[in-house]
Amino acid sequence: MREFWIRTVSVLGIVGILFGYNMVLEARAKDEQITELNGRLAEAQEAAASEENSGGGNYQDGNYTGEAVGFGGTVSVEVTVADGSITGVDIISADGEDGAYLTMAEGIIPAIIEAQSAEVDTISGATFSSEGIRDAAAQALEKAVN
Amino acid sequence: MKKIEIHKLTKKEKKKLHIWLRAIIQLLFFIFIPSVYTAAFAGVKYIFNQIGARESIELTAFLTILIVICAYTVVFGRFFCGFVCAFGSFGDGVHALYRAVCKKLHKKPVRLGAKLTSWMIYLKYIILILIVGLCFAGVYDRARGTSPWDVFSMLHAGNFQLRDYLPGLIILLVLLVGMCVQERFFCRFFCPLGAIFSFLPVFPFFGLYRHRESCIKGCKACSNGCPADLGLPEEGSAAVQGECFQCQKCIDVCPKSNIHCGIRKLRGNEVLFTLLRAGILLALFLWMGI
C-alpha cells in the first residue's frame with residue numbers, strides 16, 4: 001500500500017508540473033500575443049499591398065475535389081474557394097485512416113487556410129494522414145488556379 | 001444463467017474457456033482497433049515535443065487517449081496490455097505459433113535465462129528516456145524510420161511504402177525472433193508505453209489476488225507459470241505490480257484455484273469480469289472516437 005501512495009504522489013506531481021508549465025506559458029502567451037498581433041497587422045498591410053499588385057485572389061471561386069494517398073487508403077477532400085481565397089477544406093472520405101490520427105491530421109486544415117496554399121508542414125505524429133489531406137488539397141487547388 | 005454454467009465447468013474446461021475468451025478479445029481488438037497503443041504513445045511524444053519547443057500542451061486526440069488509457073490502468077491494472085494492445089496480441093500470436101511448431105517438430109522451445117531477463121526489463125526505461133529525449137530536442141522526426149511500431153501499423157493498414165522505414169523493418173524482424181523465444185518479449189523488455197504503465201499506481205481493488213493461506217506447501221506453480229517471471233510474495237496476496245500485464249494465466253495454473261481477480265467477494269467470476277473490463281474499454285474507445 002505504501003508503494004501505491006508513493007506512486008500516486010509522483011503521478012500527481014508530474015501532472016501538477018505539466019499544469020504549472022502550461023500556466024506559465026499562458027501568462028507568457030499574453031505578452032507574445034500582443035507582439036504577434038502587431039506583426040500580423042504589418043503582414044496584413046504587406047499582403048494587402050501585394051494583392052493590389054497581383055490583382056485579387058489567386059484562385060477561381062468554386063468547389064474543387066482532390067484525392068491523395070493517406071495512411072491506409074485514399075483521402076479525398078473538397079476545397080471551397082470564395083472571393084479568390086480558400087475558405088474551407090472538407091474531408092469527404094478517409095476510410096483507411098484511423099480515428100484519432102485523422103482528428104489530429106485535421107489540424108492541417110486551418111494551416112492550409114491561413115497559408116492560402118497546400119504547401120504547409122505536416123502534423124507531427126499524424127504524418128501520413130495529414131500528408132493525405134495536404135496532397136488532396138493540393139490536387140484540388142491545381143484545378144482552381146487562375 | 002451463464003454464471004451457473006460457468007460454476008459447473010471442470011477446471012480443464014474453465015481453463016480452455018479462459019484461453020479462448022482471451023484469444024477472441026485479442027483478435028477482435030487486433031482487427032478493429034489496432035492503433036490505440038501508437039496513438040497513446042504519440043501523446044507522450046507530443047508532450048515532450050511541446051515542452052522542447054516551449055509551446056503549451058493542449059488536449060489533443062492523442063493526449064486524450066493517453067490520459068484515458070492511463071486512468072483505466074490505474075483502476076484495472078494493465079488489462080489493456082494483456083488483452084487489447086495490438087502489438088502485444090501480435091507478439092502472443094507469434095509466440096503461440098513458435099510453440100506450436102516446436103511441439104510438432106518435437107523440439108524443446110528455446111527460452112531466455114531468468115538472469116538475463118531480470119535485467120532486460122530495464123531496457124524499456126532506457127528506450128522511453130531515449131525517445132522522450134529525442135522529442136524534447138525536437139529531432140525525433142529524423143529518427144522516424146527506426147520505429148518498428150510505425151512499420152507494423154503500416155503493414156496492418158496495408159500500406160507497403162516502406163522505403164524510408166528500412167531500419168524499423170529490420171528491428172521488427174529482430175523483435176519477431178525475440179517474440180518467438182520469449183512470451184511478451186517486446187512488452188517486457190522494450191515497450192516504452194509499458195515503461196510508463198509500470199510507473200503508475202494501480203488500485204488494489206480489481207487486481208489479481210491470491211488466497212495464500214490455502215496453498216499447497218511450497219507450491220510455486222503461479223510464479224513458475226508467469227510469463228512476466230513475477231515472483232509472487234510468500235505471504236498474503238499477490239501484490240499488483242507494474243510489471244504484471246494481466247494475462248491472467250496464474251488463475252488457471254493454480255492447482256487449488258486460489259488466485260482470483262475482480263471483486264473479492266465474487267470468486268470464480270473471472271469470465272464476466274473480463275467481459276466487463278473489455279466492454280468498458282471498448283466503450284471508452286468508442287466515446288473517444290477511435
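Start with one pair: Glu78(A) sits opposite Asp90(A), a residue of β3(A). This is a predicted model, so local features need pLDDT of at least 70 and side-chain atom pairs count only at pLDDT 80 or more, while totals for chains, interfaces and linings use all residues. Residues count from 1 along each chain as its sequence is written, and chains are lettered from A, ligands numbered from 1, in the order in which they are written.

Now the strands. β2 of chain A, residues 74–82, pairs with β3(A) in the antiparallel sense over seven bridges. Pairing takes at least two DSSP bridges between two strands. Helices (H or I, at least four residues) and strands (E, at least two) are DSSP runs, numbered from the N terminus.

The sheet is open, with three strands in the order β1-β2-β3 (chain A), paired antiparallel. At the edges are β1 (62–69) and β3 (85–93) of chain A, each pairing on one side only. Neighbours are turned by 25° on average, direction ignored. Across β1, β2 and β3 of chain A lies α4(A), residues 127–144, at about 140° to β1(A). Axes are lines fitted to C-alpha atoms, for helices over the stretch in contact; angles run from 0 to 180 degrees between N-to-C directions. Contact means C-beta atoms, placed from the backbone, within 7 Å.

Next, the interface. How many residues of chain B are in contact with chain A? 24, and they meet 21 residues of chain A. α3 (36–52) and α4 (61–76) of chain B each supply at least two residues of that side. The largest share, seven residues, comes from α3(B).

Last, the scores: ipTM is 0.79 and pTM 0.86.

Key
Contact = placed C-beta atoms within 7 Å.
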